[in-house]
Amino acid sequence: MNKFFFSGLLFLLVSITQSFGQKMTDAIQFAYEDLIWDVPGDPILQKAFEIPDGYLVFRKHAIRGPGGYNYFIEKLDNNLKRTDFIDISADIDERNYFVEEIVKFADKYFIVTSKQLRDISTEEYYIQEVDWEAGKVGKRELVFKYKYEGRRSNMSMFVRTSPNDNFMLFTFSYSAKLQTFTRRQLEADTRTFIVFDSEMEEVEREESVEMKVDDYSFSIDQTIISDEGVIYLLGDRVIEERDDERFTSILKFNRGDLIANRINFSEGVLTDLSLKLNKEGNLYGGGYYYEDEGRGSGYGVVVMAVDPDTGEPLSISTQLIDKEMLIEGLSDKEKARIERRESFGKETKQVHDLDVRQIVTHKDGSVSLIGENWDIVVTTTVDANGNRSTTVTYVYKELFVTRISPEGEIISTVKMPKKYSGKADLQKSFHAMDMDNDLGIIFYDNRQNLIEIGPKGVLPYTRKSKKTALSLVRVSPDGKQTREGIIDYAMKPYSSYRHYRFNIDMEVIDEDKMLFVTYYGKKKFGYALATPK
């Protein structure tokens, strides 16, 4: 094996690139172990965890021919050298079971699977404990069984753990009835909650709970659980009649008792919210709003501190994303167009659809709310013979980063300019982690942006290696940004590397580390670990 460390190499890279003006980072350490992979198919990184003296990696590889995946566990030491490699495909039995999630809870590791018994219209959900030290996967234990109507199940599920791993929550969601033509929801969501304690003893099971309080029906957007076993949910009121008032509530479910606390917000229309519980027990809400119902004006950031005992919002603070922030990173031509529109009294809002993508907890108790402005572009062309061809492009634009104090107040909001587009729905086009109380954002970039963002504004990412960089933007608590390169694909050490696939090749570990699959050619690959210095 050819082992080397990028941390020692970065000094040389910085020296080489100074003549070209690129700013290469020294804020991330890369340790790399060059491995030759002897199992067919590209590795897909599912989960990575830190363990004593190293890392535990769960991967799957596509099976050529019949399809499906083989599953593997790999143990790495602190230098990313492989110490153990285990094939768990037989334990997973993917022909009969589907892997839903891989979860770490109370220093144990679990694989959650599901199985559909179509002949009796039944779906079953199981959990298996992974003994990583012995390299074994335990017996499959049934968690929940659901009998559905029709040809296929309408069930979805997810697992959440409390901040200090006191409880693990299984939530099972049943699809609500929709109007035939408009697809508008007509009734309240229904949930089943199953809770385990840190010893994996079931402590609560509440089946088919209707999300309805005081004759108000709710559509649920998010569910989390506290270290006291209290379940919090974000719910939008289901509009049953045209004149029904729209509002969002924080619902609290505790031992069979469901209450709803309406968010009284007078500054606009809430569009996307998310809840965050930290290890100290503080509960926050953060997201975005329009200034008016018709979306005729700008976006704003909304942050709230929530009473964990009642689920009631205690304080709400807002910040409008103003024009000066919106035009940052735009080309001179785009800025001039906005000025002309404004001179004629026309709308100048540039944010298309701003969604909460990630909330990162920092060591000082503050959190960073990260929103991404994105769009879907559908293009239809007709050739000379009248044949139609339609392509769908996902466009991921700038990020907005809001630092929230431990008291739930806005410290700063900044725009981080970027442009990324592709055919795949990535859900988000970046990864973020805590970096010694700063926020570190890693994403694909045009390498020219590392030199300067000039009159043409921030340049878009392109898959052409000579124009591509893997970049890091570091955002301080007061909103100051530095933009630096991690990998410059135009340079020899990286020119033969294939580009990372964001939702397949990268995994954040404990909010302050990131593991990469780094591969080139057909069979050579390795790992890189990003950790703040």
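Two strands pair if DSSP finds at least two bridges between them. Helices (H or I, at least four residues) and strands (E, at least two) are DSSP runs, numbered from the N terminus. By that rule, alanine 432 has isoleucine 441 of S32 as its bridge partner.

This is a predicted model, where local features need pLDDT of at least 70, side-chain atom pairs count only at pLDDT 80 or more, and totals for chains, interfaces and linings use all residues. Residues are numbered from 1 along each chain as its sequence is written, and side-chain values use heavy atoms, with hydrogens and water left out.

- Buried means under 20% relative accessible area, exposed over 50%, and partly exposed in between (1.4 Å probe, protein chains only).
- Both faces of S32 are covered. On one side sit Asp438, Gly440, Ile442, Tyr444 and Asn446, all buried. On the other sit Leu439, Ile441, Phe443 and Asp445, also buried.
- Strand S31 (residues 431-435) pairs with S32 in the antiparallel sense, over 5 bridges.
- The hairpin of S31 and S32 has 2 residues between the strands. In this hairpin, aspartate 436 takes a positive phi near 50 degrees.
- S32 also pairs with strand S33 (residues 468-475), in the antiparallel sense over 8 bridges. Here isoleucine 441 stands opposite valine 473 of S33.

**Salt bridges**

- Side chains of opposite charge can pair when their charged atoms come close.
- The structure holds 22 salt bridges. A salt bridge is a side-chain nitrogen of Lys or Arg within 4 Å of a carboxyl oxygen of Asp or Glu.
- One of them joins the side chains of glutamate 511 and lysine 276, at 3.6 Å from N to O. Glutamate 511 lies in the loop between strand S35 (506-509) and strand S36 (513-520), and lysine 276 lies in strand S22 (residues 269-277), so the pair ties together parts that are 235 residues apart in sequence.
- Glutamate 511 counts as partly exposed because its relative accessibility is 28%. Lysine 276 is buried, with a relative accessible area of 18%.
- Lysine 363 and aspartate 434 meet through their side chains in a salt bridge of 2.7 Å, N to O. This pair links distant parts of the chain, 71 residues apart. Lysine 363 is in the loop between strand S26 (354-361) and S27, while aspartate 434 is in strand S31.
- Lysine 363 counts as exposed, at 58% relative accessibility. Aspartate 434 counts as buried, at 2%.
- Arginine 474 and aspartate 438 form a salt bridge between their side chains (2.9 Å, N to O). The pair links distant parts of the chain, with arginine 474 in strand S33 and aspartate 438 in strand S32, 36 residues apart.
- Arginine 474 counts as buried, at 17% relative accessibility. Aspartate 438 is buried, with a relative accessible area of 17%.
- Salt bridges that share partners join Glu50, Lys363, Asp434, Asp512 and Lys513 into one network.

**A nonpolar surface patch**

- Ile376, Val378 and Val392 form a nonpolar patch on the surface. Together they have about 230 Å² of accessible area. Accessible areas come from the Shrake-Rupley method with a 1.4 Å probe; for residues, only the protein chains shown count as cover.
- Patches are made of residues with over 30% relative accessible area and no salt bridge. Like charges are joined within 9 Å, and nonpolar side chains (Val, Leu, Ile, Met, Phe, Trp, Tyr) within 5 Å.
- Isoleucine 376 is in strand S27 (residues 367-382). Its relative accessible area is 39%, so isoleucine 376 is partly exposed.
- Valine 392 lies in strand S28 (residues 388-404). Valine 392 counts as partly exposed, at 34% relative accessibility.
- Isoleucine 376 touches Val392, Thr393 and Tyr394, not counting residues up to four places away in sequence. Contact means heavy atoms within 4.5 Å.
- Isoleucine 376 and tyrosine 394 are 18 residues apart along the chain, and their C-alpha atoms are separated by 4.8 Å.

**The sheet S4-S5-S6-S7**

- An open sheet of 4 strands runs in the order S4-S5-S6-S7, with antiparallel pairing.
- Its edge strands are strand S4 (43-51) and strand S7 (82-87), and each pairs on one side only.
- S4 pairs with strand S5 (residues 54-62) in the antiparallel sense over 8 bridges. Proline 43 has histidine 61 of S5 as its bridge partner.
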